[in-house]
Amino acid sequence: MELRVTIEEVLSRTVTFEVPEGLEACDREEYVDNKIKEMYQKSNGKSILSADDFSGYVQIQYEDEEGLTDWYNLF
């Protein structure tokens, strides 16, 4: 019998952006979304986060012939 496990490690970093004055909330979020997209485009396909950004959150999911488990935090 085999048991497959998918492991997901979460990287997390808080970044602060200067946003132009006078934008509505949804416009501020769109502005920052575009800035984040630019960061990824400039990274040439590489992650902008590193192991230093590991949040300590590890979630796993098991799968066997009986089905899949829900994702859950390992720690």
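1. In this predicted model, Lys 35 and Glu 38 form a salt bridge through their side chains, at 3.9 Å from N to O. The cut-off for a salt bridge is 4 Å. Both residues sit in helix α1, 3 residues apart, or about one turn of the helix. Lys 35 is partly exposed, at 28% relative accessibility. Glu 38 is also partly exposed, with a relative accessible area of 34%.

2. The count of salt bridges comes to 3. One of them joins the side chains of Arg 4 and Glu 63, at 3.3 Å from N to O. Arg 4 belongs to strand β1 (residues 4–11) and Glu 63 to strand β2, so this pair ties together parts that lie 59 residues apart in sequence. Arg 4 has a relative accessible area of 42% and is partly exposed. Glu 63 is partly exposed too, at 32% relative accessibility.

3. Arg 13 and Asp 53 also meet in a salt bridge between side chains, at 2.6 Å from N to O. This pair links distant parts of the chain, 40 residues apart: Arg 13 is in the loop between β1 and α1, Asp 53 in the loop between α1 and β2. Arg 13 is partly exposed, with 41% relative accessibility.

4. Is Asp 53 buried or exposed? Asp 53 counts as buried because its relative accessibility is 11%, and buried means under 20%. Setting aside neighbours within four places in sequence, Asp 53 contacts Val 10, Leu 11, Ser 12 and Arg 13.

5. A surface patch of negative charge deserves a look. Glu 24, Asp 27, Glu 29, Glu 30 and Asp 33 gather there. Among them, Glu 30 lies in helix α1, which covers residues 25–42. Glu 30 is partly exposed, at 47% relative accessibility.

6. Tyr 31 is in helix α1 as well. Its relative accessibility is 26%, so Tyr 31 counts as partly exposed. Beyond neighbours within four places in sequence, Tyr 31 is in contact with Glu 18, Val 19, Pro 20 and Leu 23. Leu 3 is 28 residues from Tyr 31 along the chain, and the C-alpha atoms of the two are 44 Å apart.

7. There is a nonpolar patch on the surface, formed by Tyr 72, Leu 74 and Phe 75. Together these residues have about 350 Å² of accessible area. Phe 75 lies in the segment after β4 (72–73). Phe 75 is exposed, with a relative accessible area of 72%.

Technical notes: Residues numbered from 1 in each chain as written. Predicted model: local features only at pLDDT ≥ 70, side-chain atom pairs only at ≥ 80, totals over all residues. Heavy atoms only, no water. Patch = residues over 30% accessible without salt bridge, like charges linked within 9 Å, V, L, I, M, F, W, Y side chains within 5 Å. Areas by Shrake-Rupley, 256 points an atom, 1.4 Å probe, with all protein chains shown as cover. Lys, Arg positive; Asp, Glu negative; His and termini not counted. Charge placed at Lys NZ, Arg CZ, Asp CG, Glu CD. Helix = DSSP H or I, 4+ residues; strand = E, 2+ residues; numbered from the N terminus. Buried < 20%, exposed > 50% of the residue type's maximum accessible area, 1.4 Å probe, protein only. Contact = heavy atoms within 4.5 Å.
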